[in-house]
Amino acid sequence: MSEMKKKLHTGELYLPGDKEILKEQVVYQDRLYDYNLTKPSESEKRMKMLTELLGDCGEGVYIEAPFFANFGGHHCHFGKMVYANYNLTCVDDSHIYVGDYTMIGPNVTIVTAAHPILPELREQLYQYNMPVHIGRNCWIGAGAIILPGISIGDHTVIGAGSIVTTDIPANVVAVGNPCRVMREINEHDKEYYYKDRKIH
(Lines give C-alpha, C1' and ligand atoms only; values in the text may rest on other atoms or scores of the structure.)
Protein backbone atom coordinates (compact mmCIF):
# COMPACT_ATOMS: atom_id res chain seq x y z
CA MET A 1 0.00 0.00 0.00
CA SER A 2 1.36 3.43 -0.94
CA GLU A 3 2.27 5.99 1.73
CA MET A 4 -0.41 8.33 0.43
CA LYS A 5 -3.14 5.69 0.51
CA LYS A 6 -2.30 4.93 4.14
CA LYS A 7 -3.26 8.53 5.00
CA LEU A 8 -6.77 8.46 3.50
CA HIS A 9 -8.40 7.85 6.89
CA THR A 10 -5.85 9.30 9.34
CA GLY A 11 -6.55 13.01 8.95
CA GLU A 12 -2.97 13.57 7.71
CA LEU A 13 -2.10 15.62 4.65
CA TYR A 14 -1.74 13.50 1.52
CA LEU A 15 -1.83 13.78 -2.27
CA PRO A 16 -5.11 12.44 -3.72
CA GLY A 17 -3.54 12.09 -7.17
CA ASP A 18 -1.51 9.10 -5.95
CA LYS A 19 -1.60 6.40 -8.64
CA GLU A 20 -2.68 3.62 -6.29
CA ILE A 21 -5.55 5.73 -4.91
CA LEU A 22 -6.75 6.73 -8.38
CA LYS A 23 -6.60 3.15 -9.68
CA GLU A 24 -8.91 1.95 -6.90
CA GLN A 25 -11.14 5.02 -6.98
CA VAL A 26 -12.01 4.74 -10.66
CA VAL A 27 -13.28 1.17 -10.16
CA TYR A 28 -15.79 2.37 -7.55
CA GLN A 29 -16.77 5.37 -9.68
CA ASP A 30 -17.48 3.10 -12.65
CA ARG A 31 -19.81 0.99 -10.49
CA LEU A 32 -21.64 4.11 -9.32
CA TYR A 33 -21.97 5.25 -12.93
CA ASP A 34 -23.75 1.97 -13.71
CA TYR A 35 -26.04 2.44 -10.68
CA ASN A 36 -27.08 5.86 -11.92
CA LEU A 37 -28.11 4.36 -15.26
CA THR A 38 -30.66 2.01 -13.68
CA LYS A 39 -34.40 2.59 -14.08
CA PRO A 40 -36.69 3.42 -11.13
CA SER A 41 -38.54 0.16 -11.85
CA GLU A 42 -35.34 -1.84 -11.23
CA SER A 43 -35.55 -1.64 -7.45
CA GLU A 44 -34.21 -5.16 -6.83
CA LYS A 45 -31.26 -4.52 -9.14
CA ARG A 46 -30.56 -1.22 -7.38
CA MET A 47 -30.62 -2.87 -3.97
CA LYS A 48 -28.14 -5.52 -5.09
CA MET A 49 -25.87 -2.86 -6.58
CA LEU A 50 -26.01 -0.78 -3.39
CA THR A 51 -24.80 -3.72 -1.32
CA GLU A 52 -21.78 -3.87 -3.63
CA LEU A 53 -21.24 -0.09 -3.78
CA LEU A 54 -21.51 0.92 -0.13
CA GLY A 55 -19.01 0.09 2.60
CA ASP A 56 -21.99 -1.07 4.66
CA CYS A 57 -25.57 -1.29 3.43
CA GLY A 58 -28.30 -2.08 5.94
CA GLU A 59 -31.61 -3.69 5.12
CA GLY A 60 -34.01 -1.44 3.23
CA VAL A 61 -31.48 1.25 2.23
CA TYR A 62 -32.75 3.22 -0.78
CA ILE A 63 -30.84 5.93 -2.62
CA GLU A 64 -32.54 7.73 -5.48
CA ALA A 65 -30.45 8.09 -8.62
CA PRO A 66 -28.48 10.12 -9.38
CA PHE A 67 -26.16 9.56 -6.45
CA PHE A 68 -22.66 11.05 -6.51
CA ALA A 69 -19.66 9.96 -4.45
CA ASN A 70 -15.91 10.47 -4.78
CA PHE A 71 -15.24 6.81 -3.98
CA GLY A 72 -18.50 5.54 -5.45
CA GLY A 73 -19.96 5.12 -1.95
CA HIS A 74 -17.25 2.65 -0.92
CA HIS A 75 -16.54 4.66 2.26
CA CYS A 76 -20.24 5.19 3.09
CA HIS A 77 -21.71 3.10 5.90
CA PHE A 78 -25.53 3.24 5.99
CA GLY A 79 -27.64 1.54 8.63
CA LYS A 80 -31.00 -0.08 7.93
CA MET A 81 -33.92 1.79 6.33
CA VAL A 82 -31.84 4.83 5.35
CA TYR A 83 -33.49 6.82 2.57
CA ALA A 84 -31.71 9.42 0.43
CA ASN A 85 -33.51 11.58 -2.10
CA TYR A 86 -32.17 12.77 -5.48
CA ASN A 87 -28.67 14.21 -5.92
CA LEU A 88 -27.08 13.03 -2.69
CA THR A 89 -23.39 13.93 -2.93
CA CYS A 90 -21.01 12.11 -0.60
CA VAL A 91 -17.42 13.33 -0.78
CA ASP A 92 -16.42 10.00 0.72
CA ASP A 93 -12.65 10.23 0.55
CA SER A 94 -12.93 9.05 4.17
CA HIS A 95 -15.76 7.35 6.05
CA ILE A 96 -19.34 8.60 6.30
CA TYR A 97 -21.56 6.86 8.87
CA VAL A 98 -25.36 7.21 8.73
CA GLY A 99 -27.55 5.59 11.40
CA ASP A 100 -30.71 3.50 11.01
CA TYR A 101 -33.93 5.17 9.78
CA THR A 102 -32.23 8.44 8.83
CA MET A 103 -33.82 10.36 5.97
CA ILE A 104 -31.79 12.61 3.66
CA GLY A 105 -33.52 15.22 1.51
CA PRO A 106 -32.66 16.11 -2.09
CA ASN A 107 -29.44 17.92 -2.99
CA VAL A 108 -27.68 17.18 0.31
CA THR A 109 -23.87 17.22 0.37
CA ILE A 110 -21.82 15.34 2.96
CA VAL A 111 -18.11 16.17 2.83
CA THR A 112 -15.11 14.42 4.39
CA ALA A 113 -12.36 15.98 2.26
CA ALA A 114 -10.74 19.37 2.91
CA HIS A 115 -7.70 21.35 1.88
CA PRO A 116 -5.22 23.28 4.02
CA ILE A 117 -5.62 27.05 4.43
CA LEU A 118 -1.97 27.69 3.55
CA PRO A 119 -1.87 28.56 -0.19
CA GLU A 120 1.51 26.92 -0.76
CA LEU A 121 0.12 23.55 0.37
CA ARG A 122 -3.00 23.87 -1.77
CA GLU A 123 -0.79 24.70 -4.75
CA GLN A 124 0.89 21.33 -4.21
CA LEU A 125 -2.62 19.73 -4.21
CA TYR A 126 -2.53 18.49 -0.62
CA GLN A 127 -5.73 17.30 1.00
CA TYR A 128 -6.85 15.77 4.30
CA ASN A 129 -9.99 13.85 5.26
CA MET A 130 -12.12 13.77 8.41
CA PRO A 131 -15.00 11.29 8.91
CA VAL A 132 -18.64 12.34 9.33
CA HIS A 133 -21.09 10.68 11.74
CA ILE A 134 -24.86 11.13 11.39
CA GLY A 135 -26.94 9.47 14.10
CA ARG A 136 -29.99 7.25 14.12
CA ASN A 137 -33.38 8.47 12.92
CA CYS A 138 -32.19 11.90 11.81
CA TRP A 139 -33.76 14.03 9.10
CA ILE A 140 -31.34 16.02 6.97
CA GLY A 141 -33.33 18.68 5.09
CA ALA A 142 -33.05 19.49 1.40
CA GLY A 143 -29.89 21.25 0.31
CA ALA A 144 -28.05 20.86 3.63
CA ILE A 145 -24.25 20.74 3.59
CA ILE A 146 -22.36 18.79 6.25
CA LEU A 147 -18.67 19.59 6.51
CA PRO A 148 -15.69 17.32 7.36
CA GLY A 149 -15.37 15.92 10.86
CA ILE A 150 -18.95 16.69 11.91
CA SER A 151 -21.07 14.53 14.24
CA ILE A 152 -24.87 14.83 14.42
CA GLY A 153 -26.69 13.17 17.31
CA ASP A 154 -29.61 10.73 17.16
CA HIS A 155 -33.13 11.93 16.26
CA THR A 156 -31.94 15.40 15.23
CA VAL A 157 -33.47 17.44 12.40
CA ILE A 158 -31.18 19.60 10.25
CA GLY A 159 -33.19 22.30 8.48
CA ALA A 160 -33.21 22.69 4.71
CA GLY A 161 -30.31 24.72 3.36
CA SER A 162 -28.30 24.54 6.58
CA ILE A 163 -24.50 24.46 6.54
CA VAL A 164 -23.28 22.30 9.42
CA THR A 165 -19.89 23.57 10.56
CA THR A 166 -19.90 22.27 14.17
CA ASP A 167 -21.19 19.16 15.95
CA ILE A 168 -24.95 19.10 16.61
CA PRO A 169 -26.33 17.22 19.65
CA ALA A 170 -29.13 14.64 19.74
CA ASN A 171 -32.86 15.39 19.91
CA VAL A 172 -32.81 18.94 18.54
CA VAL A 173 -33.93 20.98 15.55
CA ALA A 174 -30.95 22.88 14.11
CA VAL A 175 -31.02 25.34 11.22
CA GLY A 176 -29.09 28.07 9.47
CA ASN A 177 -25.71 29.09 8.12
CA PRO A 178 -23.81 28.29 10.19
CA CYS A 179 -26.22 25.66 11.52
CA ARG A 180 -27.24 26.29 15.16
CA VAL A 181 -29.60 24.56 17.57
CA MET A 182 -33.00 26.28 17.38
CA ARG A 183 -34.81 24.16 19.96
CA GLU A 184 -35.12 20.72 21.48
CA ILE A 185 -37.65 18.21 20.21
CA ASN A 186 -40.46 18.58 22.78
CA GLU A 187 -44.02 17.77 23.89
CA HIS A 188 -45.49 19.99 21.17
CA ASP A 189 -43.93 17.68 18.56
CA LYS A 190 -45.80 14.74 20.10
CA GLU A 191 -49.11 16.48 19.34
CA TYR A 192 -48.48 18.37 16.11
CA TYR A 193 -46.65 17.15 13.01
CA TYR A 194 -46.87 20.42 11.02
CA LYS A 195 -47.92 23.84 12.32
CA ASP A 196 -51.52 23.37 13.60
CA ARG A 197 -51.98 19.90 12.12
CA LYS A 198 -52.50 17.33 14.87
CA ILE A 199 -51.22 13.78 14.92
CA HIS A 200 -54.24 11.48 15.05
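**Backbone exceptions and a surface pocket**

Tutor: In this predicted model, histidine 155 is partly exposed, with a relative accessible area of 30%.

Student: What is the phi of histidine 155, and in which loop is it found?

Tutor: Most residues other than glycine have a negative phi. Histidine 155 is not a glycine, yet its phi is positive. The residue is found in the loop between β15 (151-152) and β16 (157-158), and its phi is about 70 degrees.

Student: Is methionine 81 buried, partly exposed or exposed?

Tutor: Methionine 81 is placed in the loop between β4 (76-78) and β5 (83-84), and it has a positive phi of about 60 degrees although it is not a glycine. Buried means under 20% relative accessible area and exposed means over 50%. Methionine 81 has 40% relative accessibility, so it counts as partly exposed.

Student: Which residue does a cis peptide bond join to asparagine 177?

Tutor: Most peptide bonds are trans. In the bond at asparagine 177, however, omega is about 0 degrees, and the bond is cis.

Student: Which element supplies the largest share of the lining of the largest pocket?

Tutor: The largest pocket has a volume of about 480 Å³ and is lined by 16 residues. Both α5 (187-191) and β20 supply at least two residues of that lining. The largest share, 3 residues, comes from β20.

Student: How many residues in the lining of the largest pocket are nonpolar?

Tutor: Nearest the centre of the pocket lie Trp139, Val157, Arg183, Asp189 and Tyr193. By class, the lining has 3 charged and 3 polar residues, and its nonpolar residues number 10.

Student: Is tyrosine 193 buried or exposed?

Tutor: Tyrosine 193 has its place in strand β20 (residues 192-194), and it is among the residues nearest the centre of the largest pocket. Exposed means over 50% relative accessible area. At 54% relative accessibility, tyrosine 193 therefore counts as exposed.

Student: What accessible area do Tyr193, Tyr194 and Ile199 have together?

Tutor: These three residues, Tyr193, Tyr194 and Ile199, form a nonpolar patch on the surface. Their accessible area together is about 360 Å².

How values were computed. Residues are numbered from 1 along each chain as its sequence is written. This is a predicted model: local features need pLDDT of at least 70, side-chain atom pairs count only at pLDDT 80 or more; totals for chains, interfaces and linings use all residues. Side-chain values use heavy atoms; hydrogens and water are left out. Patches are made of residues with over 30% relative accessible area and no salt bridge: like charges are joined within 9 Å, nonpolar side chains (Val, Leu, Ile, Met, Phe, Trp, Tyr) within 5 Å. Accessible areas come from the Shrake-Rupley method with a 1.4 Å probe; for residues, only the protein chains shown count as cover. A salt bridge is a side-chain nitrogen of Lys or Arg within 4 Å of a carboxyl oxygen of Asp or Glu. Helices (H or I, at least four residues) and strands (E, at least two) are DSSP runs, numbered from the N terminus. Buried means under 20% relative accessible area, exposed over 50%, partly exposed in between (1.4 Å probe, protein chains only). On a 1 Å grid over the protein atoms alone, a cavity is a set of points where a 1.4 Å probe fits but cannot get out, and a pocket is an open set with protein on both sides within 12 Å along at least five of seven lines; lining residues have an atom within 4 Å of a point. Grid points are joined across faces, edges and corners, and a volume is the space filled by probe spheres set on the points. Ala, Val, Leu, Ile, Met, Phe, Trp, Tyr, Cys and Pro count as nonpolar, Asp, Glu, Lys and Arg as charged, and the others, Gly among them, as polar.
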